[in-house]
Amino acid sequence: MLDTILMAFALMLVLEGLLPFLVPGFWRETFQKLTVIGDNQIRFIGLTSMLAGLLLLYLVK
C-alpha cells in the first residue's frame with residue numbers, strides 16, 4: 001500500500017513539473033492570476049480538481 005502511495009506522489013510531482021518545465025512563461029502568468037482571485041474561487045478549483053481525480057480513480061479501478 002505504501003508503495004502505491006509513493007508511486008502516486010511521484011507521478012503527481014512529475015505531472016506538476018511539466019508546465020513549469022515546458023512553458024515557464026505561461027506557468028508564471030497563471031500563478032500571477034491566481035494571486036488576484038478570491039479564496040472561495042481557489043477552493044472551488046481545488047474541490048473540482050479533487051472530485052475529478054476521485055472520479056478518474058473510480059473509473060480506472
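Ala52 counts as partly exposed because its relative accessibility is 45%; buried here means under 20% relative accessible area, exposed means over 50%, and partly exposed is in between, with a 1.4 Å probe and protein chains only. Ala52 sits in helix α3.

A word on the source. This is a predicted model, in which local features need pLDDT of at least 70 and side-chain atom pairs count only at pLDDT 80 or more, while totals for chains, interfaces and linings use all residues. Residues are numbered from 1 along each chain as its sequence is written, and side-chain values use heavy atoms, with hydrogens and water left out.

Back to helix α3. It covers residues 39-60, which is 22 residues. From the first C-alpha to the last it reaches 31 Å, close to the expected 32 Å at 1.5 Å a residue; the expected span is 1.5 Å times one less than the number of residues. How many of the residues of α3 are buried? The number is zero, so the helix lies largely in the open. Leu59 is also in α3, and at 60% relative accessibility Leu59 counts as exposed. Leu59 and Phe9 are 50 residues apart in sequence, and their C-alpha atoms are 19 Å apart in space.

Next, helix α1, residues 2-22, where Leu15 lies. Leu15 has 53% relative accessibility and therefore counts as exposed. The C-alpha atoms of Leu15 and Tyr58 are separated by 20 Å, and the two residues are 43 apart along the chain.

Now the aromatic rings. The structure holds one aromatic pair. Trp27 and Phe31 form it, with 4.8 Å centre to centre and 55° between the planes, which is a tilted arrangement. For the terms: rings of Phe, Tyr and Trp (its six-membered ring) pair if their centres lie within 6.5 Å, and planes under 30 degrees apart count as stacked, over 60 as edge-to-face and the rest as tilted. Both residues belong to helix α2, residues 24-34, and being four residues apart there, Trp27 and Phe31 are separated by about one helical turn. Trp27 is partly exposed at 35% relative accessibility, and Phe31 is partly exposed at 44%.

Finally, the whole chain. The protein has three helices and zero strands; helices (H or I, at least four residues) and strands (E, at least two) are DSSP runs, numbered from the N terminus. The radius of gyration is 14 Å, well over the 10 Å that the globule rule gives for 61 residues, so the protein is more spread out than a compact globule. That radius is taken over C-alpha atoms, and the rule is 2.2 Å times the number of residues to the power 0.38. Along its principal axes the C-alpha trace spans about 40 × 30 × 20 Å. What percentage of the 61 residues in the protein is buried? Buried residues make up 0%. The accessible surface comes to about 6,000 Å², of which 75% belongs to carbon and sulfur atoms; the areas come from the Shrake-Rupley method with a 1.4 Å probe, and for residues, only the protein chains shown count as cover.
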